[in-house]
Amino acid sequence: MALLYQTKLTEGLIKFEEALEIQLKHLPPNHMSLAYTYNNIATVYAAQKHFTTALPYIEKALYIEEKSHPAKHSSIAAAHYSVAFVLMGLKRYCEALEHTRTALAIANETLSNDHPQIVEYRQQLHTLVALQQSIKTDQ
């Protein structure tokens with residue numbers, strides 16, 4: 001089962017990279033389609049635990065989201081959350097905490113208090129705070 005999952009991830013990654021190549025030739029550099037493709041590529045790399053490779057893709061997606069939407073847009077919150085997830089995988093908890101806080105702040109202004117994304121962002125925030133506290137106690 002794990003092999004099948006890995007095979008599907010690899011196949012998906014190939015398709016996303018092919019799409020990116022075409023998009024880069026035909027779209028302006030800040031086109032939202034590029035943000036979606038960068039995000040998809042980063043998601044696959046993160047699922048494979050290749051966080052170092054995922055990070056530049058997810059940062060490009062965030063950059064495009066920030067250029068394409070008003071500052072308090074829920075898509076920007078989601079992009080910050082994704083960056084934070086990748087940074088957590090790299091054990092860069094302080095930076096991940098900043099991005100999670102930004103995601104939560106935006107989401108609190110744009111979504112209802114019981115929205116699933118807000119719940120998810122809060123859970124990640126609590127996880128990161130706990131991780132940082134455990135690191136401080138271990139030192």
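Student: Leaving aside its neighbours within four places in sequence, which residues is Tyr38 in contact with?

Tutor: Please keep in mind that this is a predicted model. Tyr38 is one of the α2 residues that meet α3, and it is also listed among the residues with the most contacts inside the largest nonpolar core. When its neighbours within four places in sequence are left aside, the residues in contact with Tyr38 are Leu20, Leu24, Tyr57, Lys60, Ala61 and Ile64.

Student: At what angle do α2 and α3 pack, and are they roughly parallel or antiparallel?

Tutor: The axes of α2 and α3 are 8 Å apart, and the two helices pack at an angle of about 155°. Because angles over 145 degrees count as roughly antiparallel, that angle makes α2 and α3 roughly antiparallel.

Student: Which classes of residue make up the contact of α2 with α3, and how many are in each?

Tutor: On the α2 side the contact includes Leu34, Tyr38, Ile41 and Tyr45, while the α3 side includes Phe51, Tyr57, Ile58 and Ile64. The crossing of these two helices is left-handed. By class, the contact of α2 with α3 has 15 nonpolar, three polar and two charged residues.

Student: Is Met32 buried or exposed, and which residues is it in contact with beyond its neighbours within four places in sequence?

Tutor: Met32 has its place in helix α2, and because its relative accessibility is 15%, where under 20% is the cut-off, Met32 counts as buried. Thr10, which is 22 residues from Met32 in sequence, is 24 Å from it in space, C-alpha to C-alpha. Beyond its neighbours within four places in sequence, Met32 is in contact with Ile64, Glu65, Ser68 and His69.

Student: How far apart are the C-alpha atoms of His50 and His73?

Tutor: His50 is found in the loop between α2 and α3, and at 40% relative accessibility it counts as partly exposed. Along the chain, His50 and His73 are 23 residues apart, and their C-alpha atoms are separated by 28 Å.

Student: What is the handedness of the crossing of α3 and α4, and how do its residues divide by class?

Tutor: The axes of α3 and α4 come within 9 Å and cross at roughly 165°, and the two helices are therefore roughly antiparallel to each other. Among the residues that meet are Leu55, Ile58 and Leu62 in α3 and Val83, Phe85 and Val86 in α4. The crossing is left-handed, and the residues of the contact are 11 nonpolar, four polar and two charged.

Student: How does α4 run relative to α5, roughly parallel or antiparallel?

Tutor: The axes of helix α4 (residues 74-89) and helix α5 (residues 93-110) come within 8 Å, and they cross at roughly 160°. Since that is over the cut-off of 145 degrees, α4 is, relative to α5, roughly antiparallel.

Student: What is the phi of Lys91, which lies in the loop between α4 and α5?

Tutor: Lys91 lies in the loop between α4 and α5, where it is exposed, with a relative accessible area of 59%. Although Lys91 is not a glycine, its phi is positive, at about 65°.

How values were computed: Residues are numbered from 1 along each chain as its sequence is written. This is a predicted model: local features need pLDDT of at least 70, side-chain atom pairs count only at pLDDT 80 or more; totals for chains, interfaces and linings use all residues. Side-chain values use heavy atoms; hydrogens and water are left out. Axes are lines fitted to C-alpha atoms, for helices over the stretch in contact, and angles run from 0 to 180 degrees between N-to-C directions. Helices (H or I, at least four residues) and strands (E, at least two) are DSSP runs, numbered from the N terminus. Angles under 35 degrees count as roughly parallel, over 145 as roughly antiparallel, 65 to 115 as roughly perpendicular and the rest as oblique. A nonpolar core is a set of buried Ala, Val, Leu, Ile, Met, Phe, Trp, Tyr and Cys residues joined through side-chain atoms within 4.5 Å. Buried means under 20% relative accessible area, exposed over 50%, partly exposed in between (1.4 Å probe, protein chains only). Contact means heavy atoms within 4.5 Å. A crossing is left-handed if the near helix is turned anticlockwise from the far one by less than a right angle, and right-handed if clockwise. Ala, Val, Leu, Ile, Met, Phe, Trp, Tyr, Cys and Pro count as nonpolar, Asp, Glu, Lys and Arg as charged, and the others, Gly among them, as polar.
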